[in-house]
Amino acid sequence: MEIQRETLEVDILVVGAGPAGLSFGYHLVNLINQSGGKVSMPEIMIIDKGSYAGAHALSGAVMNPKGIKELMPDFLDKGFPYEKEVGPDSLYYLTEKSSIKFPFLPKPFHNTGNYIISLNKVAGWMAEQVEAVGINIFPSTGGFELLIEDGAVAGVRTVDLGLDKEGHPKSNFEPGSYLKAKVTVLAEGVHGSLTKEAIEKLNLRDGKLPQNYLTGVKEVWEIPEGRLRDGEVIHTFGWPQPGEEYGGGFIYGMGGKMAAVGYAVGLSSPNPANDPHYKFQLFKMHPLVRRIFEGGTMLHYGAKTIPEGGYYAMPRLYHDGMLIIGDAAGFLDSQRLKGIHLAIKSGMLAAETVFEALGKNDFSAKTLRNMEDRFENSWAKEELFAVRNFHAGFDDGLFMGLVNSGVQMITGGRGLFDRAVTHPDYMHIMPLKEYIARKGEDDVRKALKFDNKYTFDKLTDVYHSGTKHEEEQPSHLVISDYDICNTKCAETFGNPCQHFCPAQVYEMVDDPDNPGKRKLQLTPSNCVHCKTCDIADPYQVIKWVTPEGGGGPNYTNM
Ligand code: SF4
């Protein structure tokens, strides 16, 4: 059956109402208003797959205000919703039972002047500012595929609504629309599905290094009075991450009795049972964490991936009719694990580029490539270039990583090497038997039992993310070959998806049709849209596609 689709034409289409996409819209309107009529106001449309702007926005989150100050100098007068200014700031190295506090904080880890925020609140507030300057934001509207015409990006096709699990139209079927635009700005966040499509089809990674990721898992708690000072920031490294792996923990005092705790785990782990959610729960068992959170109440949960590859892993940022900004393009300071200020700056640079394109009425790569020149001449490039080798420096483990980062500090970011060859995360996973022979059973065994009072299983945590999806729709986790999952992957790797997914979407269950065998079973409605599976699956047979708009987490206070 050929589906008739409506076509809607706008001048500029932005996919994603996070800090990058919203900054783009806000700055572009300002530039046009200041142009004294030289450039007329285009029609700008921002779409977002979440049920409201900010529903899918999650971050640590300590925010460097450099970006928002530049975008909106009166941001505080406009009611910028921060929780607290950062107060006491400390860094600990953890062993299983003890902790060593760094006597002083290395300069890059200073957080003085930064804000503890909830990113979903900040995104919601930014959306209000953007709507106030006249831009329409359409939540619950997911981009499903890129429209590419004559080699140029011409817009996106939105998700079909009202399909059953087999993909047949139900009585409420509404076909997705073609949204066509002179420029499409991809601001989808980490490992966006349209960005992935653009990178693959338009060869945007040619000559670049692969992106590498962490998966961060976070809970927000109400804790007993007096356990943490307002604005207090604690960062940790060491246990429970083994020395050869990458990651660490954080605790933020959000003010009063509210506190955030989280753990970020590198997906370049050799462990086929690498489980960011489990490591996070273990982290909470450490005495340093326990004495803050025990006796409190967990309120919210979320998970997201973090693009950690750095400057050399950023894709080409432009194509005919398209720009990529924010986390989607890897605008993240991998040393400080901060990206919100860079996402805002990337939105501003894109706005200046599109402003130029509107003036010339030229939306081809010839003009849009100036996005890269603007980036290269900005403080964002300076910041990212100074930490360009930070993540790669940890490829040989924690000790060499610390040595490397020390040398990077005195060599302007070069360190012991420059632009080391890196590999996609999934290529680091070792076959289960080899891994156990090297590390022992204990590294893959899940010894901690969750009590669902202080430590939580994945399903209980997912409940606290507010995640909802229409159950009767095609799976948005598309497995290209179940046979690989049920045979090769089960035998060789022990199905890592069961472990790395922080929302228990993937389970191996007894196969009633093949007694004695197990098969992969999916529960897509649990998905918190972190994209870990699309990144970390060793056979790359899992593809994350956008589900019906409005599905996914409904973050509050995250
Ligand atoms: Fe993340 Fe994939 Fe699990 Fe969804 S299914 S929560 S994207 S790992």
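**Reading charged pairs and surface features**

Modeller: Let us begin with burial: Lys458 and Asp275 are both buried. Please bear in mind throughout that this is a predicted model.

Biologist: What do the side chains of Lys458 and Asp275 form where they meet?

Modeller: The general idea is that side chains of opposite charge can pair when their charged atoms come close. Here Lys458 and Asp275 form a salt bridge, with 3.4 Å from N to O. This pair links distant parts of the chain, 183 residues apart: Lys458 belongs to helix H13, while Asp275 sits in the loop between strand E19 (258-266) and helix H5 (276-285).

Biologist: How many salt bridges are counted in the model?

Modeller: The count is 28 salt bridges. Another of them joins Glu470 to Lys170, at 3.6 Å from N to O.

Biologist: Are Glu470 and Lys170 buried, partly exposed or exposed?

Modeller: A residue is called buried under 20% relative accessible area and exposed over 50%, with partly exposed in between. Glu470 has 39% relative accessibility and therefore counts as partly exposed. Lys170, at 24%, also counts as partly exposed.

Biologist: Which residues are linked in a network of salt bridges?

Modeller: The network links Arg5, Glu145, Arg157 and Asp160. Within this group, Arg157 forms a salt bridge with Asp160, and their closest N and O atoms are 3.5 Å apart. Both Arg157 and Asp160 are buried.

Biologist: Let us turn to the surface. Which residues form a nonpolar patch there?

Modeller: The patch is formed by Phe399, Met400, Val403 and Leu416, which together have about 370 Å² of accessible area. To take one member, Met400 is found in helix H11 (residues 398-410). Its relative accessible area is 31%, so Met400 is partly exposed.

Biologist: Finally, the ligand. Which residues come nearest to the ligand?

Modeller: There are 13 residues around the ligand, of which Cys501, Cys527, Cys530, Lys531 and Cys533 come nearest.

Biologist: How does the shell around the ligand divide into nonpolar, polar and charged residues?

Modeller: The shell holds 11 nonpolar residues, 1 polar residue and 1 charged residue.

Technical notes
Residues are numbered from 1 along each chain as its sequence is written. This is a predicted model: local features need pLDDT of at least 70, side-chain atom pairs count only at pLDDT 80 or more; totals for chains, interfaces and linings use all residues. Side-chain values use heavy atoms; hydrogens and water are left out. A salt bridge is a side-chain nitrogen of Lys or Arg within 4 Å of a carboxyl oxygen of Asp or Glu. Buried means under 20% relative accessible area, exposed over 50%, partly exposed in between (1.4 Å probe, protein chains only). Helices (H or I, at least four residues) and strands (E, at least two) are DSSP runs, numbered from the N terminus. A residue is near a molecule or strand if one of its heavy atoms lies within 4 Å of it. Ala, Val, Leu, Ile, Met, Phe, Trp, Tyr, Cys and Pro count as nonpolar, Asp, Glu, Lys and Arg as charged, and the others, Gly among them, as polar. Patches are made of residues with over 30% relative accessible area and no salt bridge: like charges are joined within 9 Å, nonpolar side chains (Val, Leu, Ile, Met, Phe, Trp, Tyr) within 5 Å. Accessible areas come from the Shrake-Rupley method with a 1.4 Å probe; for residues, only the protein chains shown count as cover.
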